[in-house]
Amino acid sequence: MDFALLTRVRHFPVRHHSPRTTAVLLKWLERVKPEVVLVEGPCDATALVDVLCDAQTRPPVAILGYRTDGAPSSSLWPFAAYSPEYQALKWARANGARAEFIDIPVGVSLAVDRHAPGLGLEAEATDGEAPAPEGPEAEPLVPVTEAFARSQGYRSFEEFWEASFEAPDWSPEQFQPLLIAWAEVLNAGPRQAYHGQRDAFMARKVLEVVAGGVAPEKVAVVAGAAHIAAFLAKHVDPAEEAKLPAGVPCAVTVIPYSFPRLSEQLGYGAGNRAPHFYQKAFEANCDFRRATLEVLLDFAAHLRMRGFSASLSDVLEAYRLAVTLSDLREKSAPGLDELREATVATLCRGDATHVDNFLWKSVVGHEVGQVASRIGQNSLQAEFWREVGERRLPRTDSPETFSLKLNNPVEVGSSVFLHRLRVAGIPYATLSGTGSSRKPGAEAGGYAALTRVRESWQAQWTPSTDVALVEKIVLGDSLEAVTKHVLLEQLSKAPSTAGAAEVLLEAVITGCSEVVAIALRACDLHASSDWDLPSLASAARALSGLMAYGTSRAHAEGGDEAVASLGEKTFGRALLRVRDASACAPDAVPQVLDALRTLHEVALSQPRADKAGWFVEARGLMESHAVHPATSGLATGLLYLARELPEADVALEVGRRLSAAVEPADAAAYLEGFLQVNALVLVKSRDVVKALDDFLTSVEPERFRQTLPVLRRALGALGATERRYLMENVMGVRQLKDKGRAVKAVLEEKDKATLKDLSADLGKALDDLDDLL
Amino acid sequence: MQLMPDIRLPAEAKYKTELDALAAHDDKPRPPGWALSPRAVEMYILGSPKPVGGVAITPKYVGDKGLIQVCIATLASDRALMLVGEPGTAKSWLSEHLSAAISGTSALVVQGTAGTSEDHIKYSWNYALLLAQGPTPEALVPSPILRAMRSGKFARFEEVTRTSPEIQDSLISILSEKQVSVPELGEITSAQRGFNLIATANTRDRGVNEMSAALKRRFNFVTVPVVEDLEQEIQIVTKREAELRNDYQVGVPPPEELSRVLLTLFHELRKGVTKDGKTKVRTPGAVLSTAEAISVLFNSSILAQQFGSGTVTSHELAASLVGAVVKEQEDDVKALREYMETVAKGRTGPWKELYTASKKLLRG
């Protein structure tokens with residue numbers, strides 16, 4: 001390799017997404033006036049330079065390279081307006097210079113590493129290193145950059161960078177050696193072989209351009225400082241290039257990118273923590289004081305908008321404090337740390353919550369870039385249209401309905417696709433019902449979705465579908481990734497076992513196997529500390545559903561056995577809480593009753609649930625006087641329904657609970673719980689009705705009035721059929737047999753005319769009953 | 001008769017050698033009226049790894065450097081400094097040391113109470129002299145704040161929010177115009193350069209919300225956080241407890257193991273969950289601050305010396321602990337008992353002993 005020639009080429013070392021580097025670079029380019037500008041970036045994306053420099057394109061945008069052989073793998077090379085590479089390209093276009101990318105092609109970088117990070121220079125990347133040793137004494141692994149910054153008295157690498165590189169007004173002569181020196185520090189550490197291979201590749205590309213007849217002094221190379229440092233130090237081994245793997249089939253495109261996404265990519269090579277702030281600084285010619293002031297004014301406006309007081313004098317004071325702090329720290333201008341501290345101390349009166357909750361988002365920014373219309377769709381759009389086409393789903397802007405039979409893998413696949421769109425919040429299809437019965441407002445996901453064999457959907461493409469697809473790209477590059485992101489976010493916010501189980505169900509329905517595994521762990525974690533019976537019961541129900549219907553949609557690792565054992569465990573834990581939870585305050589009763597019914601349902605339907613254990617608990621509730629009487633009533637009813645309690649015993653139990661010695665209010669609550677269970681079966685039992693009748697007739701008038709509301713609620717829930725059976729049984733109990741038969745005839749004929757013919761005696765009896773009911 | 005030394009020396013007296021050494025080697029520019037440059041003040045508060053002029057500078061506050069820098073930068077501006085935080089987070093301690101380092105005195109203090117009146121903030125009169133001579137400068141009794149203004153030093157106002165808002169508001173003119181008018185004498189006292197005010201307020205029992213918006217605008221607020229890092233808190237507590245033992249000349253040094261047990265317990269009760277995140281515990285209503293931990297440890301060291309075997313054991317720790325945690329409500333007894341049963345019982349070593357010792361005390 002001709003190093004003499006390589007070093008004669010003009011080099012400019014950069015840090016990606018650094019506004020100061022960009023400002024210095026532009027000055028340098030004006031001075032050097034190169035004819036060819038070579039930029040670090042995948043060489044097969046050179047054709048996209050036109051799109052990037054198009055007047056319609058507005059950063060942040062990113063070059064997206066993705067595999068086209070079906071393997072899910074892609075990589076992004078993002079650019080902000082203040083990225084030196086982007087401005088180098090723009091400069092070249094504006095000044096008639098040739099602009100080319102010189103890094104390894106997308107296909108090769110995808111073959112190297114599935115998570116190939118954006119624009120190289122990850123000298124400190126810790127990916128693939130051994131995990132930190134476990135144990136209390138283990139020091140967390142600190143990247144070289146971070147350790148260096150701390151040794152210089154800074155709290156983070158970003159702070160060090162800002163203070164040392166961004167804030168001072170460097171000239172090109174000062175800045176280049178500084179960055180090279182810094183890169184040499186980085187290169188002194190262990191450098192991944194991959195970077196050496198890229199060095200060799202890029203060096204060859206540079207020399208090819210020179211060989212093509214351009215004077216080396218007229219070639220400008222704009223690349224990561226570590227690469228340039230390697231060139232200048234002649235640490236490039238041409239043999240390394242051969243070690244690069246063969247490329248995989250792939251395509252490149254430009255997609256809109258966003259500031260929030262850029263700020264998520266932390267680390268030396270990848271992104272920065274506050275793109276909006278740097279954008280401001282870039283626009284102000286790297287005057288960080290001005291950027292600070294502008295952001296503080298934004299903050300004050302934002303605070304006022306939300307109804308907090310934030311005066312101009314506060315802003316001035318905050319600005320003064322930020323500048324004083326930067327002086328105290330011997331920085332040339334305030335950075336993000338000073339901005340934050342000054343905002344908290346002045347605008348927010350010492351309380352960081354506003355800053356964390358909403359203000360800080362505005363230094364990150366929410367801008368989404370725009371790509372010139374000459375480029376096609378993003379990967380989500382492409383996926384969406386491919387799926388819609390292959391699955392023959394509606395693709396017009398008018399509502400269309402169709403149904404899916406979930407007994408073949410193709411239609412299950414369509415269902416997974418539509419559910420993913422639903423969870424990801426991409427407006428396209430809504431579930432209009434299941435099978436033939438179309439219940440509007442039916443729950444689209446969750447437990448209900450699990451049990452369906454048919455799904456009816458209504459779908460319509462609107463422009464907002466594509467807008468959402470473009471926006472959601474910040475969450476992931478494929479629909480599965482977006483869904484996964486959304487579900488994981490829900491999971492992180494899930495407060496309880498029930499919440500985690502809900503996410504688990506959604507993960508199964510949307511076929512996100514990774515989330516299934518994570519959600520299972522979260523369920524497990526929550527379940528071991530959850531004390532809330534309703535939450536545990538609902539989780540047990542969800543898990544039991546999964547045990548019954550399987551997780552086949554998600555192809556989960558660990559599979560059904562993990563679900564089953566967790567289901568068993570959660571059910572067991574819920575049982576432990578039954579007694580305590582049932583001794584609850586009146587306003588919590590409805591939830592507890594629901595939870596008990598759910599547990600009963602699970603116990604009977606799920607073979608692996610601890611059925612015997614549930615019956616023991618239910619019996620305990622039935623016999624206990626310490627719990628809320630409604631739960632005792634419900635337990636009695638459920639046990640009877642499950643044929644765990646003979647009829648005679650039920651009558652005895654109900655009789656005992658409704659006996660005169662019991663407080664009528666308690667008895668009424670008991671009754672309410674009792675009648676919640678399939679009332680028809682209960683009122684059919686002569687003995688039960690007798691106990692009921694005895695109770696009602698024995699209540700003193702004064703007490704009766706007090707318990708009336710509860711009684712009315714309990715008995716009011718009975719339907720027409722139940723009432724008839726009840727009445728018949730009351731007749732039987734009161735030995736109004738003959739008249740009773742006549743009543744029955746009347747009721748069955750539903751003929752009011754015959755009523756008049758009935759004896760006054762019967763009329764009186766009916767009046768009595770009416771009073772009672 | 002032998003003269004007894006003061007129980008507690010003010011910061012400027014106790015750390016005189018450190019302050020003198022810093023002043024002698026301070027070559028950075030000092031804001032007008034300041035005894036030290038901001039850098040030197042920072043070094044005095046946070047300590048220095050290297051001795052300055054042969055004098056070791058011990059850390060007075062262990063924690064975020066940025067927080068101290070915000071305090072110092074504020075004090076160098078025309079805004080006053082308000083330190084807010086939970087009780088026992090070293091707000092007053094910090095205010096004392098900042099005043100001592102910057103003004104050379106921490107003695108100009110007003111303690112805010114419900115009974116604080118405008119006289120305490122501005123001036124009052126020596127009534128005998130007032131009756132004899134009428135209003136004269138000699139009969140005027142200046143408040144600590146007025147004295148600070150006259151001499152260009154820092155005044156401190158402890159627990160501002162305990163004082164009624166009307167009285168608090170008398171600070172507004174002092175802080176914005178930097179002067180106090182004395183109509184009886186027909187004169188106005190203007191603050192000398194170097195004057196500023198450090199106030200503290202508690203976020204627990206009466207919030208800072210009690211302050212008027214107009215007054216708030218005269219302050220920069222710095223929240224002094226509860227120490228989150230266990231190791232850091234152990235370091236603080238051990239150091240401060242040793243200092244207390246030295247000041248009061250009582251007690252025996254407690255073993256490090258026990259300090260660790262105590263602070264782990266404090267951390268877990270404060271957070272409501274155990275260190276491993278597996279067990280939830282009930283958080284008691286009592287304040288579990290670093291200062292409280294220091295007092296528990298000091299207390300048990302005295303108990304051990306005077307009534308125990310001469311070495312601090314779990315028994316003394318349990319006795320002091322129960323007194324500290326269970327102050328206000330009966331519920332706190334339950335919370336502590338629950339913690340002992342669910343957490344301490346399952347652990348080994350000193351935890352076991354602590355469990356046994358506390359079991360007796362918490363019965364009933």
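How many residues of chain B are in contact with chain A, and how many residues of chain A are in contact with chain B? Before I answer, let me say that what we are looking at is a predicted model. In this model, 20 residues of chain B are in contact with 20 residues of chain A. On the chain B side, the elements that give two or more residues are α4 (65-75), β1 (80-85), α11 (213-216) and β9 (219-223) of chain B, and of these α4(B) gives the most, with six residues. Sorted by class, that side of chain B has 10 nonpolar, six polar and four charged residues.

Just after α2(A) comes A:Lys33, which takes a positive phi of about 45 degrees.

My last topic is a sheet in chain A, where three strands form an open, antiparallel arrangement in the order β4-β3-β7. The edge strands, each pairing on one side only, are β4 (74-79) and β7 (250-256) of chain A, and neighbouring strands of this sheet are turned by 20 degrees against each other on average, direction ignored. Strand β3(A), residues 61-67, is joined to β7(A) by seven bridges, and A:Arg67 stands opposite A:Cys250 in β7(A).

Notes. Residues numbered from 1 in each chain as written. Chains lettered and ligands numbered in written order. Predicted model: local features only at pLDDT ≥ 70, side-chain atom pairs only at ≥ 80, totals over all residues. Pairing = 2+ DSSP bridges. Helix = DSSP H or I, 4+ residues; strand = E, 2+ residues; numbered from the N terminus. Axes fitted to C-alpha atoms, helices over the stretch in contact; angles between N-to-C directions. Contact = placed C-beta atoms within 7 Å. Nonpolar A, V, L, I, M, F, W, Y, C, P; charged D, E, K, R; others polar.
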